Amino acid sequence: MNKYFLLFLISFLLHSCKEESKATTVNIPQPAKGEYGTKAPKLSQDEYYDKVLGALVGSAIGDAMGASTEMWHREDIQKKYGYITGLTPAVRPQSPEGTWNHNLSSGATTDDTRWKLLTTKYFSSYGQETGPEHFADFIIDYYQSLTKDLVAKENLTNTDALDHQIEKIDWVKEWARVALGYKKGSTEYLQSMNRFYGGEMSCAGMLYSPMFGLTTKNPTEAYKKAYNHSLFDIGYAKDISSLVAAMTNTAMQTKDMDSILNTSVFVDPHNYQDSRLVGRISLDLATKGENAVLDAQKLIENPNSTIQIPKGFPGSKFYWRQQNYVYDALEADQKAIPFHAGEIWQILFTGLKFGEGDFVKTLQFIVNYGRDNDTVAAVAGMILGARNGYSQLPKDLKEQVLQVNKEVMGIDLEAMAEEIIASTK
């Protein structure tokens, strides 16, 4: 090879490498993430109270609508009730996670509403200084107060009173075990967490985490606050518990359902979407639910369809076919237990998408699907109650739930709303 040509080739390659090196040193800035939903106008004191009360009552309505059929399959619901459109008597045996008495009247609630009461008392105890250590202490103190009452004289001489006190302890003892482990250190905490309700990914945090959406400034703060308090969640269940708090906070600021649902996309302060291989499971489940609703909307009406409408269904045969299509899609993703965090989240998101912001339509969709329907409906009711406010909730439902919870359950939802607002000052 000609030596002059060889020198030219070497010079050209060196020059190209330098040019390439220069090109790869260009620093393209990473886009900055802003706070999601921080431009909402400040609520007046009356508006804030209306939304907090709406969230509490909306959640209690959802809980009460599902109380009679909790854990049922949708076919069994249809056999017994047809299509549930409102409140039904809570005809069921008492249980730690259910009602604390047998066969209560329409409007009675379960542990989903009791957890809202317990969280309200937690807010009152610690105000703005809430944190995981405080929450663990609060759960432990509550548990220990129940065990002290167990040996009270009136309980020891009245077996019915003794049974009732044991039921309260059974309700919270799993949680107390984890809280005690958390206080003792990482080894004990991990051991207790891996045993919590059999080590399953239960929907623990979602029973109380939406409450943090009522007391925080923006969805990201609500997410972080809920995440820090999700002592009883593992894996992506912590993300889900935090998302329902963020969505509740978004609903406090806007009625736009797209904004509320998109909270699950844009609020991710702990970068779950960067998870190696799996990405963000909560977002995948939400997308599945959304796609099922969109596919159902594309169905073509068939006048010869033989599908049977449940008794009392307030729609056409074609509309029931669309709803049933979404139910089938949800059932295809059904988990081993009905209170699995991923399943509850998927039903919740799907129900909110299907209901398009309509409170009654959304809760009816969720309750008539079955499974852990009172928990899903309680979370949906809180989000939509925060969105609409108490003043915009259905009159018959809200008044009955307020009355029954106060007179039968001993839970004053109006007093709770005032207590929550006082704790934020």
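Helices (H or I, at least four residues) and strands (E, at least two) are DSSP runs, numbered from the N terminus. The model is predicted, so local features need pLDDT of at least 70 and side-chain atom pairs count only at pLDDT 80 or more, while totals for chains, interfaces and linings use all residues. Residues are numbered from 1 along each chain as its sequence is written, and side-chain values use heavy atoms, with hydrogens and water left out.

The chain has 18 helices and zero strands. Its C-alpha atoms fill a box of roughly 110 × 65 × 45 Å, taken along the principal axes. Of the 425 residues of the chain, 51% count as buried; buried means under 20% relative accessible area, exposed over 50%, and partly exposed in between (1.4 Å probe, protein chains only). The chain exposes about 20,100 Å², and carbon and sulfur atoms supply 53% of this area. Accessible areas come from the Shrake-Rupley method with a 1.4 Å probe; for residues, only the protein chains shown count as cover. Contact means heavy atoms within 4.5 Å. Among contacts between residues at least 6 apart in sequence, 69% join residues at least 24 apart.

Helix α13 covers residues 317–332, and at 1.5 Å a residue its 16 residues should span 22 Å, which agrees with the 22 Å between its end C-alpha atoms. The expected span is 1.5 Å times one less than the number of residues. Which residues of α13 are buried? They are Phe318, Trp320, Gln322, Gln323, Asn324, Val326, Tyr327 and Leu330. An α-helix has 3.6 residues a turn, so residues three or four places apart point the same way. The buried residues of α13 pack against α3 (74–81), α12 (281–297), α14 (341–355) and α15 (359–369).

The loop between α13 and α14 holds glutamine 334. At 34% relative accessibility, glutamine 334 counts as partly exposed. Leaving aside neighbours within four places in sequence, glutamine 334 is in contact with Glu343, Tyr369 and Arg371. Glutamine 334 and isoleucine 344 are ten residues apart in sequence, and their C-alpha atoms are 9.7 Å apart in space.

Arginine 371, one of those contacts of glutamine 334, lies in the loop between α15 and α16 (373–388). Arginine 371 counts as buried because its relative accessibility is 12%. Its phi is near 60°, a positive value in a residue other than glycine. Asparagine 103 is also not a glycine and has a positive phi of about 50°. Asparagine 103 sits in the loop between α3 and α4 (111–126).

Another loop residue is valine 267, placed between α11 (257–266) and α12. Is valine 267 buried or exposed? At 1% relative accessibility, valine 267 counts as buried. Apart from neighbours within four places in sequence, valine 267 is in contact with Tyr36, Pro219, Thr220, Tyr223, Leu243, Ala246 and Arg280. From valine 267 to methionine 247 there are 20 residues in sequence and 9.4 Å in space, C-alpha to C-alpha.

The empty space comes next. Rolling a probe the size of a water molecule over the atoms shows where empty space is left. On a 1 Å grid over the protein atoms alone, a cavity is a set of points where a 1.4 Å probe fits but cannot get out, and a pocket is an open set with protein on both sides within 12 Å along at least five of seven lines; lining residues have an atom within 4 Å of a point. Grid points are joined across faces, edges and corners, and a volume is the space filled by probe spheres set on the points.

The largest pocket has a volume of about 750 Å³. Its lining has 30 residues, of which Lys42, Tyr48, Leu214, Thr216 and Lys217 lie nearest the centre. Helices α2 (45–67), α9 (219–229), α10 (236–253) and α18 (413–423) each supply at least two residues of this lining. The second largest pocket has a volume of about 320 Å³. Of the 22 residues that line the second largest pocket, Glu70, Met71, Glu97, Asp111 and Phe339 are the closest to its centre.

A search of the whole structure finds one cavity of 30 Å³ or more. The largest cavity has a volume of about 40 Å³. Its lining residues are Met193, Phe196, Glu200, Met201, Ser202, Phe232, Asp233, Ile234 and Ala237.
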